[in-house]
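The following exercises concern the structure shown below. Each task is followed by a worked solution.

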Amino acid sequence: MTCREAIDVLGDYLDGTMPPDVVAELERHLAECAPCRAYLATYRKTRELGTTAARVEMPEEMQVRLRRFLIDRLRAV
Amino acid sequence: MTRYSARVFRLAYGITRSAADAEEVAQDVFLQIVHKGAGFEGRAALGSWIYRITTNLSLNKRRGKRRELETSLDDLLPTYLPDGHRAGDRAFLVADWSRTPEHELLSDESRRILEAAIDRLPEHYRAVLVLKDVEELSNEEVAQIVGDTIAAVKTRLHRARMALREQLTRYLGAGA
């Protein structure tokens, strides 16, 4: 497996959706390739940090406004 | 309503990156739910319909806006030699910063860089990233919502994560 092939399957690897033979091949590559090991570690961490940064919750006051908006619209019908 | 409105806002904000736009999307989504009434076969059908309509309305909101911010992802992806090994001026960006102390990873500056990187992703990539990594849907569900193939969803997600990783590495890798 080349570096390119290894990087291409990292998403599936983290999802646990890869066939066992490809997992074994990737893990053999990772055992021998420090840059790809570093890439995997930072890719995994990026997913974790990205999930936190992209998750923005609805402010309480917006919930209230939305409820009021819908009640007003329903009354107007 | 609270459960659905939280999901709608998270997804709409994730795609539009604007609280005002996300609020308008949420209003439009709930108006459509009210008009559709009991036309859903069950909660699952309603849940995935909500994700689909929220995605479409959010992408429409984004149309023509802030396009100048969006980056060509190709500049942020790894490059390889013809034999598949690493190449080019980005080959050095392999520093392992994953063990950087949490307080540094979560610092205001790291957060700012990450949020700017998310802002610069093309909107279809951001939609897939939020549906998969924030809403934790399966590739199959995401493909259904965005109306694309599973292979296309996986490619977009992977490219989006690689682009974010590259931008974080340029900042965090320097000290690793």
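**Exercise 1. Describe the order of the elements in chain B and the burial of its residues.**

Solution. From the N terminus, the elements of chain B follow the order α-α-α-α-α-α-α-α. The count for chain B is accordingly 8 helices and 0 strands; helices (H or I, at least four residues) and strands (E, at least two) are DSSP runs, numbered from the N terminus. The model is predicted, local features need pLDDT of at least 70, and side-chain atom pairs count only at pLDDT 80 or more, while totals for chains, interfaces and linings use all residues. Residues are numbered from 1 along each chain as its sequence is written, and chains are lettered from A and ligands numbered from 1 in the order in which they are written. Chain B has 176 residues, of which 39% count as buried (20 or more other C-beta atoms within 10 Å of the residue's own, with C-beta atoms placed from the backbone).

**Exercise 2. State how domain 1 of chain B touches domain 2 of chain B.**

Solution. The domain assignment, which is automatic or from a database, divides chain B into domain 1 (2-62) and domain 2 (74-175). Taken over C-alpha atoms, the centres of these two domains are 25 Å apart. In the next step, 12 residues of domain 1 of chain B are found in contact with 12 residues of domain 2 of chain B; contact requires C-beta atoms, placed from the backbone, to lie within 7 Å. On the domain 1 side, the elements giving two or more residues are α1 (2-16) and α3 (43-62) of chain B. Of these, α3(B) gives the most, with 6 residues.

**Exercise 3. Determine how the axes of α6 and α7 of chain B cross.**

Solution. The axes of α6 (residues 123-134) and α7 (residues 139-146) of chain B come within 10 Å and cross at roughly 140°. Axes are lines fitted to C-alpha atoms, for helices over the stretch in contact, and angles run from 0 to 180 degrees between N-to-C directions. Finally, α6(B) contributes B:A127, B:V128, B:L131 and B:K132 to the contact, and α7(B) contributes B:V142, B:I145 and B:V146.

**Exercise 4. Identify the element that gives the largest share of the side of chain A that touches chain B.**

Solution. In total, 32 residues of chain A are in contact with 41 residues of chain B. On the chain A side, α1 (3-8), α4 (34-54) and α5 (60-76) give two or more residues. The largest share, 15 residues, comes from α4(A).

Definitions and conventions: Two residues are in contact if their C-beta atoms, placed from the backbone, lie within 7 Å. A residue is buried if 20 or more other C-beta atoms lie within 10 Å of its own, exposed if 12 or fewer, and partly exposed in between; C-beta atoms are placed from the backbone.
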